[in-house]
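Here is a short briefing on one protein model. Please look over the sequence and the structure before reading on.

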Amino acid sequence: MKVVKILNNNIAIVDKGGHESIVYSPGIAFKKKAGQRISDSEVEKTYVLDSKDRLEHFSYLLTNSDDQTIHLLNDVVAYGEFVTKQKANDYLYLALLDHLTFAIKRGEKEQFIRSPLTWEVQKFYPKFYDIGLYAMKLMRKTFDIDFPDEEAVSIALHFVNIQESQSLLDETLESMEILRDILNIIKYHFNISLDETSMNYMRLVTHLQYFIERLRKHEVYSQDSAGLYDQVKLLYPEAFKATEKIDIYVKGRFNQYLTKDEYTYLMIHINRVTERKDEKT
């Protein structure tokens, strides 16, 4: 590999087979000059970017990052690859280094981001959230900054972005938003906080996930169980009222009405998840 540009003692831009890349290794560029050669055995990490703009942006970030941050970056990505069993593309290194650099600066000023998607990412992307938590653990240890776990969400989403197509990611984020909206309808109707650790809550969430997927595909769930609908409606009037509100929400969002069967199962799940609170009240 031929040196194109020295960024600092540890980082250089090289030409390999007509393509420019960034190489990193402690001391790799010390006393080197443009035009000289670097062997593969000297390189700890190579970053290949797909455009000159990204290469320049990443070069700037690497040049202005200390060794601790770069080692942290490589460690987090390596752990992410281990957890996901997939090779990360080098754009992730760019996006993640950009995020880590800004997060560390914020952390030094005790300016932390509390993500509104914490619950959703934990439920939809647990292994990616685990990567974020791992990053938080390293950042606390490396920089002695007390980052909250919520900061893990943004890092998790960086890994989600490279695993899924943009259209699929958009759909998932929308499903997360709809799920949160429906849960809020239930919470506000009953004026309670739901126990997110309870089995009934997890059953409700699982039901809602499939429910939302059916709405997306415009699939109607109907088993013609009108008799059961009438019984459940009579037994659980408040759950019925909450389901009516969900029906209005669904109509506005998907231009669909719920079937009696969807009503029935929503009422049953809603009653289960709220009845314990009603008893205490």
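In which loop does Ser-65 lie? Ser-65 sits in the loop between helix 1 (52-63) and helix 2. The model is a predicted one.

- Ser-65 has a relative accessibility of 11%. The cut-off for buried is under 20%, so Ser-65 counts as buried.
- The side chain of Ser-65 reaches back to the backbone oxygen of Leu-61, at 2.5 Å.
- Setting aside neighbours within four places in sequence, Ser-65 is in contact with Ile-70, Leu-97 and Thr-101.

- Four strands make an open sheet in the order 1-2-3-4, and the pairing is antiparallel.
- Strand 1 (2-8) and strand 4 (45-47) are at the edges. Each has a single partner strand, so one side of each lacks a neighbour in the sheet.
- From one strand to the next, the twist averages 30 degrees.
- In general, strands of a sheet pair through backbone hydrogen bonds, in either a parallel or an antiparallel way.

**Strand pairs, one by one**

- Strand 1 and strand 2 are antiparallel and share five bridges. They form a hairpin, with two residues between them.
- Within this pairing, Lys-5 has Ile-13 in strand 2 as its bridge partner.
- Strand 2 (residues 11-16) and strand 3 (residues 19-24) are joined by six bridges, again in the antiparallel sense.
- Two residues separate strand 2 from strand 3, and the two strands form a hairpin. Gly-17 lies in the turn and has a positive phi of about 65 degrees.
- Asp-15 stands opposite Glu-20 in strand 3, and Ile-11 has Tyr-24 in strand 3 as its bridge partner.
- Strand 3 and strand 4 run antiparallel and are joined by three bridges. Here Ile-22 stands opposite Tyr-47 in strand 4.

- As a rule, most residues other than glycine have a negative phi.
- Lys-85 is not a glycine, yet it has a positive phi of about 60 degrees. Its place is the loop between helix 2 (67-84) and helix 3 (90-108).
- Is Lys-85 buried or exposed? Its relative accessible area is 63%. The cut-off for exposed is over 50%, so Lys-85 is exposed.
- Asn-255 is not a glycine either, and its phi is positive at about 55 degrees. Asn-255 is found in the loop between helix 10 (237-254) and helix 11 (260-280).
- Asn-255 has 58% relative accessibility, so it counts as exposed.

**Helix 8 against helix 10**

- The axes of helix 8 and helix 10 come within 11 Å and cross at roughly 35 degrees. The crossing is right-handed.
- Which residues meet where helix 8 and helix 10 touch? Phe-211, Leu-215 and Arg-216 are on the helix 8 side. Ile-246, Val-250 and Phe-254 are on the helix 10 side.
- By class, this contact of helix 8 with helix 10 has five nonpolar residues, no polar ones and one charged one.

**Arg-216**

- Arg-216 belongs to helix 8 (residues 199-217).
- At 21% relative accessibility, Arg-216 is partly exposed. Buried means under 20%, so 21% places Arg-216 in the partly exposed class.
- Leaving out residues up to four places away in sequence, Arg-216 touches Glu-171, Glu-174, Ser-175 and Phe-254.
- With Glu-174 there is a polar contact from side chain to side chain, at 2.6 Å.
- Phe-254 is 38 residues from Arg-216 along the chain. The C-alpha atoms of Arg-216 and Phe-254 are separated by 7.7 Å.
- Arg-216 and Phe-254 are also among the residues that meet between helix 8 and helix 10.

Definitions and conventions. Residues are numbered from 1 along each chain as its sequence is written. This is a predicted model: local features need pLDDT of at least 70, side-chain atom pairs count only at pLDDT 80 or more; totals for chains, interfaces and linings use all residues. Side-chain values use heavy atoms; hydrogens and water are left out. Buried means under 20% relative accessible area, exposed over 50%, partly exposed in between (1.4 Å probe, protein chains only). Contact means heavy atoms within 4.5 Å. A polar contact is a pair of N or O atoms within 3.5 Å; within protein, one must be able to donate a hydrogen and the other to accept it, and residues adjacent in sequence count only if both atoms are side-chain atoms. Two strands pair if DSSP finds at least two bridges between them. Axes are lines fitted to C-alpha atoms, for helices over the stretch in contact, and angles run from 0 to 180 degrees between N-to-C directions. A crossing is left-handed if the near helix is turned anticlockwise from the far one by less than a right angle, and right-handed if clockwise. Ala, Val, Leu, Ile, Met, Phe, Trp, Tyr, Cys and Pro count as nonpolar, Asp, Glu, Lys and Arg as charged, and the others, Gly among them, as polar.
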